[in-house]
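Hi everyone, thanks for coming. Please have a look at the sequence and the structure, and then we'll walk through a few parts together.

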Amino acid sequence: MYIAIAEDDPQCIRMLQDYLRRFGEKEGIALRVCAFSSGPELLDAYNPQWDLILLDIEMPLMDGLTVAKHIRRKDDRVMLMFITKMAQFAINGYEVAALDYVLKPVSYPMFHAKMKRVYAIWQVQRCRSVVISCNGSARKLSLDQLYYIEVFSHTLTYHTVEGSFSATGSRTIRQLEQQLAADSFFRCNQCYLINLKFVESIDGDRIHMTNGKKLSVSRGRRKEFLHALMRYWGG
């Protein structure tokens, strides 16, 4: 699990790092933690691979709520938890879909309890995403934002709401077909594994996607595809 901390108080950073270490050891969870001393520093180094961000609300240069709003423009999936001295500052967290907040001074028992909830949610969320190797770094893609996967030669291209990302590696489209079968994905031909969520209509052998793309379904798979689509649509 990848966690970022944005906090201007070095002592508080060390405390949170220690709390996270203790939590990981007690629960048997591998945690990778990065710390930043300001909001702009976090935003400059932002990585969509992070699963949780601990944000101090009262920071100089840029307050935590403003930082969270910038983050949400880049990533609508990462969990946010505010660190604050006063609870009233955290109530605006609904604006950025914050998961929770922790009051300073942060006690370990309370922090541990909140992290257990975070971890439970993360376990569910990670089942709804795929991690790919793209341009030398790891990138997490939400299945809910993935239109379709295309294979050409040995390269897989993931077409998403945020853009297209190409990846090479040992994983094949056949393996992805098996992995994502329960998540409304269907292999319509040798080249495409599509998300039924984004199918707008089908006309003959042409599948019209909500992003404007037109993909073909092979003759041998058309009947099975129609059945899968009708099941997904509730027909």
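Let me begin with a term: a patch here is made of residues with over 30% relative accessible area and no salt bridge, and nonpolar side chains are joined within 5 Å. Keep in mind that this is a predicted model.

So, which residues form a nonpolar patch on the surface? They are Met230, Tyr232 and Trp233, and together they have about 290 Å² of accessible area. Let's take one of them, tryptophan 233. You'll find tryptophan 233 in helix α6, which covers residues 222-233.

Helix α6 lies across β13 and β14, and runs at about 145° to β13. Those strands belong to an open sheet of 3 strands, in the order β13-β14-β15, with antiparallel pairing. At the edges are β13 (199-203) and β15 (214-216), each pairing on one side only. On average, neighbouring strands of this sheet are turned by 25° against each other, direction ignored.

Let's zoom in on one pair. Strand β14, residues 206-209, pairs with β13 over 4 bridges in the antiparallel sense. Opposite serine 201 you'll see histidine 208, in β14.

One last stop: alanine 30, in the loop between α1 (10-27) and β2 (32-36). Is alanine 30 buried or exposed? With 64% relative accessibility, alanine 30 counts as exposed. From C-alpha to C-alpha, alanine 30 and histidine 208 are 42 Å apart in space, and they are 178 residues apart in sequence.

Methods
Residues numbered from 1 in each chain as written. Predicted model: local features only at pLDDT ≥ 70, side-chain atom pairs only at ≥ 80, totals over all residues. Heavy atoms only, no water. Patch = residues over 30% accessible without salt bridge, like charges linked within 9 Å, V, L, I, M, F, W, Y side chains within 5 Å. Areas by Shrake-Rupley, 256 points an atom, 1.4 Å probe, with all protein chains shown as cover. Salt bridge = Lys/Arg side-chain N within 4 Å of Asp/Glu carboxyl O. Helix = DSSP H or I, 4+ residues; strand = E, 2+ residues; numbered from the N terminus. Pairing = 2+ DSSP bridges. Axes fitted to C-alpha atoms, helices over the stretch in contact; angles between N-to-C directions. Contact = heavy atoms within 4.5 Å. Buried < 20%, exposed > 50% of the residue type's maximum accessible area, 1.4 Å probe, protein only.
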